[in-house]
Amino acid sequence: MEGLFFDSWDTPVYRPPSEARSFILRVTRGCAHNRCTYCNMYRGVRFERLADEAVLRQIALAERYGKYGVRRVFLADGDAFVLDTDRLLAILAELRRRFPHLERVASYAAPRDILRKSPEEMERLRGAGLTLLYYGMESGDTETLAAVRKGVTGEESVAAGQRVIAAGMQLSIMTILGLAGQEGSRRHALATARALSAIRPTMWSALSLMLYRGSELKAQFERGEFHPLSPAGLMEELALLVEHVELPETERCLFRSNHVSNYIPLAATLPMEKERLLADIGRCWDYLASLRHWDVYNHDDTKF
Ligand code: SF4
């Protein structure tokens, strides 16, 4: 069935592309952290945990329209995982009760929220049906994470990812190419490669930096304090990163770089297709290095 969404608020809701057919259940509004310099998703939105009544109203509507059709649920907004474990467990129990064909529940999760939950709490949540977390790690580099005010160190970023995997959940990690600008590119790539190797995520999406209107990073760029990578520079950074990600032969990590922010879509299963992926990246670099003009804000979504 097509995705379901019942909401009477006028603030934006974001979800991963792979949740397009899910029932989007809003359990929070905005983002509790709301400080990352590259993000404008919830600027101006006051963070709020939705009351039981508001959550149950959405569930009741979804039951009315798709009791037997709802197989996947995505808990929104920006970091629904900020909710206490007991509250999440109660919501998961309600979802299981109302939707007999429910297969999985997923959510975005910020690293601090993951680390606030004990390994035992994580396992209980997985056992209750929350089996997939989307984690915007962005970088494994402490300096880069501090610069963009992610609120964690590189070590904490790794610990958060490992906690998800140890709980038996699927983990979809997002990283951002170009986040450390020209000066920090190599350091960001190498530390992120080490972090991914240590975490061993189920899926890894490499997005490219976009300078969003209203974001602090865009203002830094316009003041001459941040120097973004060129499209070819992004490919060089990706090549370095992929080259240094070391996963066991038995691992199957789905790599994607096909977000609207990316110049050329790329996909591979790692580590088995690493050499082919590096060859693809090389061909992309050949083309992108020939470009003489590009949108430095990376807002041109017709570039594919
Ligand atoms: S990137 Fe995620 S954690 Fe950071 S402000 Fe945006 S929604 Fe919140």
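The following legends describe close-up views of a predicted model.

View 1. The chain is divided into domain 1, residues 1–108, and domain 2, residues 134–304. Taken over C-alpha atoms, the centres of domain 1 and domain 2 are separated by 26 Å. Eleven residues of domain 1 make contact with 14 residues of domain 2. The side of domain 1 that touches domain 2 consists of six nonpolar, three polar and two charged residues.

**View 2. The largest nonpolar core.** This core has 85 residues, of which L25, F81, L133 and Y135 touch the most other members. Strand β7 gives the largest share of the core, six residues. The core lies between domain 1 (1–108) and domain 2 (134–304), because both give residues to it. In soluble globular proteins, nonpolar side chains tend to be buried together.

**View 3. Surroundings of Y135.** Y135 is one of the core residues that touch the most other members. Leaving aside neighbours within four places in sequence, Y135 is in contact with A109, P111, A160, G161, V164, L171, S172 and I173. Among these contacts of Y135, A160, G161 and V164 are buried residues of helix α6.

**View 4. Helix α6.** Helix α6 runs over residues 154–166, and its 13 residues should span 18 Å at 1.5 Å a residue; the end C-alpha atoms are 18 Å apart, which agrees. The buried residues of α6 are G154, S157, V158, A160, G161, R163 and V164. An α-helix has 3.6 residues a turn, so residues three or four places apart point the same way. The cover over the buried residues of α6 includes α3 (111–116), α4 (119–127), β7 (130–138), α5 (142–147), β8 (170–177) and α7 (181–199). G168 follows α6 and has a positive phi, near 85 degrees.

**View 5. The shell around the ligand.** The residues around the ligand are C31, H33, N34, R35, C36, C39, M41, Y42, G78, D79, A110 and G136. By class, this shell divides into six nonpolar, four polar and two charged residues.

**View 6. Two cis peptide bonds.** The peptide bond from A76 to D77 is cis, with omega near 10 degrees. D77 lies in the loop between β5 (72–76) and α2 (85–98). L270 and P271 are also joined by a cis peptide bond, with omega about 5 degrees. P271 is located in the loop between β11 (266–270) and α10.

View 7. E138 is not a glycine, yet its phi is positive, about 70 degrees. E138 is placed in strand β7 and counts as buried, because 26 C-beta neighbours lie inside 10 Å and 20 or more are required. R149, a residue other than glycine, has a positive phi near 60 degrees. R149 is in the loop between α5 and α6. With 15 C-beta neighbours inside 10 Å, R149 counts as partly exposed.

**View 8. The segment around Y297.** Y297 is found in the segment after α10 (274–288). Y297 is partly exposed, with 15 other C-beta atoms within 10 Å. Not counting residues up to four places away in sequence, Y297 touches M210 and L211. Y297 and G30 are 267 residues apart in sequence, and their C-alpha atoms are 24 Å apart in space.

Conventions: Residues are numbered from 1 along each chain as its sequence is written. This is a predicted model: local features need pLDDT of at least 70, side-chain atom pairs count only at pLDDT 80 or more; totals for chains, interfaces and linings use all residues. Helices (H or I, at least four residues) and strands (E, at least two) are DSSP runs, numbered from the N terminus. The expected span of a helix is 1.5 Å times one less than its number of residues. A residue is buried if 20 or more other C-beta atoms lie within 10 Å of its own, exposed if 12 or fewer, and partly exposed in between; C-beta atoms are placed from the backbone. Two residues are in contact if their C-beta atoms, placed from the backbone, lie within 7 Å. A residue is near a molecule or strand if its C-beta atom, placed from the backbone, lies within 6 Å of it. Ala, Val, Leu, Ile, Met, Phe, Trp, Tyr, Cys and Pro count as nonpolar, Asp, Glu, Lys and Arg as charged, and the others, Gly among them, as polar. A nonpolar core is a set of buried Ala, Val, Leu, Ile, Met, Phe, Trp, Tyr and Cys residues joined through C-beta atoms within 7 Å. Domain bounds come from an automatic or database domain assignment.
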